[in-house]
Amino acid sequence: MMMVSDDCLVECQIDDDDEDEDNGGGEQINTPPPPPEFASKSPTPPSKPPPTPPAAPATPTPTQPVNRDPYGINQHLKVEVSDVLAEPATPRSIDGVWLYSIIGFESARIWTYRCLSLLFAVPFALLSGIFLALLACLHVWFVMPCIQLSNTFLPCLRSLWMCVVNMFIFPFCLSLARCCSQIAISLSNKNWPLMSEKNVE
């Protein structure tokens with residue numbers, strides 16, 4: 001069999017991108033590799049990865065306001081203008097006066113609350129935290145141990161108190177009741193007219 005040397009071979013590069021553009025972006029035809037005797041010793045350049053489409057710009061998600069009262073413990077403080085200011089149908093003020101009254105009410109309410117909370121919110125929050133920590137500490141280290149110890153020792157005190165009652169208090173009360181049971185009280189109407197005349201005079 002006749003062998004062909006590498007010097008006689010001509011290396012050709014085929015640009016697949018041009019063919020894809022001519023075919024209108026059709027499917028790429030996979031050709032089998034050449035036989036080993038006709039293969040070139042130089043490495044074939046790696047195929048280009050397909051171009052990635054540009055990423056879509058991230059749409060900003062709308063931020064929702066944080067619910068600062070999830071359990072609704074201060075629902076009674078939701079006061080609107082209509083809860084305070086109300087004008088009947090017949091005596092009406094000028095529309096501008098009513099509008100600026102509402103604006104003044106809302107502005108004074110909001111900004112006064114913001115200024116007062118700016119001054120007092122942090123100190124009152126610190127005091128509330130200290131007070132809650134004090135209550136929790138007293139409850140954990142004083143109240144509950146006293147309750148548990150009393151639950152432990154109360155049966156002994158109960159039996160001792162029952163012995164004292166049965167030995168001393170019960171006989172005394174029983175004898176006193178028997179002595180007083182012989183007392184009889186009788187009411188008569190003999191002096192009733194004399195007393196009624198004295199009251200009249």
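Guide: Let us begin with a definition: a salt bridge is a side-chain nitrogen of Lys or Arg within 4 Å of a carboxyl oxygen of Asp or Glu. Please keep in mind that this is a predicted model.

Visitor: How many salt bridges does this rule give?

Guide: The count comes to 1 salt bridge. R109 forms this contact with E106, and their closest N and O atoms are 2.7 Å apart.

Visitor: Where do R109 and E106 lie?

Guide: Both residues belong to helix α3, where they are 3 residues apart, about one turn of the helix.

Visitor: Are the two partners buried or exposed?

Guide: Buried means under 20% relative accessible area, exposed means over 50%, and partly exposed covers the range in between. R109 has a relative accessibility of 35%, so R109 counts as partly exposed. E106 has 19% and therefore counts as buried.

Visitor: What is the overall architecture of the protein?

Guide: The protein has 4 helices and 0 strands, and the pattern along the sequence is α-α-α-α. Helix α3 covers residues 95-180.

Visitor: How much of the protein counts as buried?

Guide: Of its 201 residues, 1% count as buried. The accessible surface of the protein comes to about 19,800 Å², and 67% of that surface belongs to carbon and sulfur atoms.

Visitor: Which residues make the nonpolar surface patch?

Guide: For such a patch, nonpolar side chains with over 30% relative accessible area and no salt bridge are joined within 5 Å. Here L154, L157, L160, W161, V164, M167, F168 and I169 make a patch of about 830 Å². F168, one of these residues, is found in helix α3. F168 has a relative accessible area of 55%, so F168 counts as exposed.

Visitor: How should I approach pockets?

Guide: Rolling a probe the size of a water molecule over the atoms shows where empty space is left. In this model, the second largest pocket has a volume of about 780 Å³.

Visitor: Which residues lie nearest the centre of the second largest pocket?

Guide: The pocket is lined by 16 residues, and D69, N74, L77, K78 and Y113 lie nearest its centre. By class, the lining has 8 nonpolar, 3 polar and 5 charged residues.

Terms used
Residues are numbered from 1 along each chain as its sequence is written. This is a predicted model: local features need pLDDT of at least 70, side-chain atom pairs count only at pLDDT 80 or more; totals for chains, interfaces and linings use all residues. Side-chain values use heavy atoms; hydrogens and water are left out. Patches are made of residues with over 30% relative accessible area and no salt bridge: like charges are joined within 9 Å, nonpolar side chains (Val, Leu, Ile, Met, Phe, Trp, Tyr) within 5 Å. Accessible areas come from the Shrake-Rupley method with a 1.4 Å probe; for residues, only the protein chains shown count as cover. Helices (H or I, at least four residues) and strands (E, at least two) are DSSP runs, numbered from the N terminus. Buried means under 20% relative accessible area, exposed over 50%, partly exposed in between (1.4 Å probe, protein chains only). On a 1 Å grid over the protein atoms alone, a cavity is a set of points where a 1.4 Å probe fits but cannot get out, and a pocket is an open set with protein on both sides within 12 Å along at least five of seven lines; lining residues have an atom within 4 Å of a point. Grid points are joined across faces, edges and corners, and a volume is the space filled by probe spheres set on the points. Ala, Val, Leu, Ile, Met, Phe, Trp, Tyr, Cys and Pro count as nonpolar, Asp, Glu, Lys and Arg as charged, and the others, Gly among them, as polar.
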